[in-house]
Amino acid sequence: MEETKRMGSTRMASCFIFLLLLLPILKFTEGNTEALNESDEKKDPKLIQMVTKIDPKLIVFFTIDDLKQGKKLPIYFPKRDPSKSPPLFPKQTPNSIPFSLKNLPQILSSFSFPHASPQAQAIQQTLHQCELKPIKGETKFCATSMESMLAFVTNALATKPPFKLLKTSHLTNSNVHFQNYTFLEPPKKIAAPRLVACHTMPYPYAVYYCHYQEGDNNVLKIALEGDNGDLVEALAICHMDTSQWSPSHPSFRVLNIQPGSVPVCHFFPSDDLVWIPQG
């Protein structure tokens, strides 16, 4: 019984981690999240219907059956100003500041954040997620510097540098975050026997939640064109076996499917990093 409870709480924690990674809850430079462009949802009735039912920031999931040239999907792609993002410090700088829940008061004092502020809540949530035990089959690490990130990647990929870095790239500039995108050509599968995904976390300086998950995963590059002409070279991953995922995972609600029924794919935002062996 205790084991069952533990597994259940672990799955719920993993679901919450995904939501936190997918939806960074705070920009420390601006104090609030991105607002959906009001014109985005006026372009297509299907988008309006989806906005009313599901947070548009969750519209990043699709199924393997969607991987066809000419396929049109509504997708949310956050566009953040790199100049306003927290800096990635050299190793010695974050190492001089504690990074643990037990030192939360000292951390908040270091950055002059009041205990009841949104920034303090974001820091606490990030530290909590970083200190949770990994789910079954997962190896994880919160990197606070490029040196520590590369050390984790080296260990997880079981090979030495150089590595190949993959990202989503926006080839045009616009303020539209949510719209229909059309697959311009058949998706290109990237050979990646192992991969490490690093997701940005809300924190005063750059923190990446990096993890390696065992299982059958396909990495894809997909050329997309938005209804307004936006061009995106999108990075995506398809998880071929979701039978062990929590039934409350947001992808199942978005796609209206059940765990293990079909592979689940999702796009990476442009500030996430995916590392694979060089070749």
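Which hand does the link of Cys-238 and Cys-265 have, right or left? With 100° about the S-S bond, this link is right-handed. The model is a predicted one, and the link is part of a set, since the structure holds three disulfides.

The pairing can be read by counting the bonded cysteines along the protein chain. Counted in this way, the disulfides follow the pattern 1-2, 3-4, 5-6.

Begin with Cys-130 and Cys-142, which form a disulfide with their sulfur atoms 2.0 Å apart. Cys-130 lies in helix α5, residues 118-131, and Cys-142 lies in strand β3, residues 138-143, so the pair ties together parts that are twelve residues apart in sequence. The torsion about the S-S bond of Cys-130 and Cys-142 is about -85°, so this disulfide is left-handed. Both Cys-130 and Cys-142 are buried.

Next come Cys-198 and Cys-210, whose sulfur atoms are 2.1 Å apart in a disulfide. Here both partners sit in strands: Cys-198 in β8 (residues 196-201) and Cys-210 in β9 (residues 207-213), so the bond ties together parts that are twelve residues apart in sequence. The link of Cys-198 and Cys-210 has 115° about the S-S bond and is right-handed. Are these two cysteines buried or exposed? Cys-198 has a relative accessible area of 0%, so Cys-198 is buried. Cys-210 is also at 0% relative accessibility and therefore counts as buried. The cut-off behind this reasoning is that buried means under 20% relative accessible area.

The pair from the opening question, Cys-238 and Cys-265, forms a disulfide with sulfur atoms 2.0 Å apart. Cys-238 belongs to strand β11 (residues 231-239) and Cys-265 to strand β12 (residues 264-267), so this pair ties together parts that are 27 residues apart in sequence. Cys-238 is buried, and Cys-265 is buried too.

Which residues make a nonpolar surface patch of about 200 Å²? The patch is made by Leu-88, Met-146 and Leu-150. One of these residues, Leu-88, is found in the loop between β2 (72-76) and α3 (92-95). Leu-88 has a relative accessibility of 34%, so it counts as partly exposed. The reasoning again rests on cut-offs, because partly exposed covers the range between buried, under 20%, and exposed, over 50%.

Definitions and conventions: Residues numbered from 1 in each chain as written. Predicted model: local features only at pLDDT ≥ 70, side-chain atom pairs only at ≥ 80, totals over all residues. Heavy atoms only, no water. Patch = residues over 30% accessible without salt bridge, like charges linked within 9 Å, V, L, I, M, F, W, Y side chains within 5 Å. Areas by Shrake-Rupley, 256 points an atom, 1.4 Å probe, with all protein chains shown as cover. Salt bridge = Lys/Arg side-chain N within 4 Å of Asp/Glu carboxyl O. Helix = DSSP H or I, 4+ residues; strand = E, 2+ residues; numbered from the N terminus. Buried < 20%, exposed > 50% of the residue type's maximum accessible area, 1.4 Å probe, protein only. Disulfide = S-S within 2.5 Å.
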